[in-house]
Amino acid sequence: MASLTDLALGLVTLCLVPRLPRDVEGARYWRAAFAWAAVTALIGAAFHGYLVAVPRIGGITWAVMSTMVVVMMSYVLAATVVQVLGRSRAIVFWPLRLLGFVAYAVIAATGHPSIEAIMWCESLTMACVIGLWIWASVRGHPSGRAMLVAIGVSIAAALLRLVPGASAFLRLDPDSAYHIGQIVGMVLLFRAVVRSGERAVTDVRLRRVHDLLPSPRWTWRNISMNSRR
């Protein structure tokens, strides 16, 4: 079941990648984040179905998968910073991102990769992402609330994997419950990104219409000239 739910997560996420808008700020980072998440889930399907029975190969595969999750989170942070603050301020957050990445790389290299380690090492990254979207939501960003809902669902899915007995009400093992929750989270994240893209297109169209319309001063000047004639 864990293999099948991970396969479903990978296929759903992979189908969402080409449907992501290209006209939103940070579009390439969102596409990279979804692509890395899809590939990680597909590898996870092979891991849960076959490789977990081979301890040595399974351990290496798990370390690679967990590192890919950290890379995916790097792209989520990059997309968030660019979309909320703009490209000029993105460099401020890269030292924080590098700190979490190096910390998890050390953990993975010493043979202790786990979801718990990811949560600890990525806590600063997630705090930055959540904080930025809260700030954006307060300032009226069109995707602010939708992004926070998607992030909240993903965190809740992780808790199904981490908290003992949390997945019991779904009658699933923790890994399968986590994967199903992540499917919902990725779909909601996709809808939030699409919503910001639709707003960007609307803003461009409004600017074009505004450029075509004559200004009140120009209109009044012409009316005055016509009245004198």
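**Confidence and overall layout**

Tutor: The protein has an average pLDDT of 76, and 68% of its residues score at least 70; pLDDT is the predictor's confidence in each residue, from 0 to 100. This is a predicted model, in which local features need pLDDT of at least 70, side-chain atom pairs count only at pLDDT 80 or more, and totals for chains, interfaces and linings use all residues. Residues are numbered from 1 along each chain as its sequence is written, and side-chain values use heavy atoms, with hydrogens and water left out.

Student: Where is confidence lowest, and where is it highest?

Tutor: The lowest confidence falls in helix α9 (residues 216–228), at a mean of 41, and the highest in α1, at 92. Over residues 200–229, pLDDT stays under 50, and the model has 3 contacts there beyond four places in sequence. Contact means heavy atoms within 4.5 Å.

Student: How many helices and strands are there?

Tutor: Helices (H or I, at least four residues) and strands (E, at least two) are DSSP runs, numbered from the N terminus. The protein has 9 helices and 0 strands.

Student: What share of the residues is buried?

Tutor: Buried means under 20% relative accessible area, exposed over 50%, and partly exposed in between (1.4 Å probe, protein chains only). Of the 229 residues, 40% are buried.

Student: Which residues have the most contacts inside the largest nonpolar core?

Tutor: A nonpolar core is a set of buried Ala, Val, Leu, Ile, Met, Phe, Trp, Tyr and Cys residues joined through side-chain atoms within 4.5 Å. The largest one here has 35 residues, and Trp-30, Phe-34, Trp-133 and Met-147 have the most contacts inside it. Two or more residues each come from α1 (2–16), α2 (27–49), α3 (55–85), α6 (123–138), α7 (144–162) and α8 (174–212). The largest share, 9 residues, is given by α3.

Student: What does Phe-34 touch, apart from neighbours within four places in sequence?

Tutor: Phe-34 is in contact with Thr-13, Leu-16, Val-17, Leu-20, Met-186, Leu-189 and Phe-190.

Student: How is the span of a helix such as α6 to be read?

Tutor: The expected span is 1.5 Å times one less than the number of residues. With 16 residues, α6 reaches 22 Å from its first C-alpha to its last, close to the 22 Å expected. Likewise, α7 has 19 residues and reaches 27 Å, close to the 27 Å expected.

Student: Which residues of α6 are buried, and why do they line one face of the helix?

Tutor: The buried residues in α6 are Thr-125, Cys-128, Val-129, Leu-132, Trp-133 and Ala-136. Seen down the axis of α6, they fall within an arc of 120°, so they line one face; the arc is that of the directions from the helix axis to the C-beta atoms. Just after α6, Gly-140 has a positive phi of about 85°.

Student: Where does Gln-182 lie, and is this residue buried or exposed?

Tutor: Gln-182 belongs to helix α8 and is buried, with a relative accessible area of 12%. A polar atom of its side chain lies 3.2 Å from the backbone oxygen of Ser-154. Beyond neighbours within four places in sequence, Gln-182 is in contact with Leu-9, Ser-154, Ala-157 and Ala-158.

Terms used. Polar contact = N/O pair within 3.5 Å; in protein donor to acceptor, adjacent residues only side chain to side chain.
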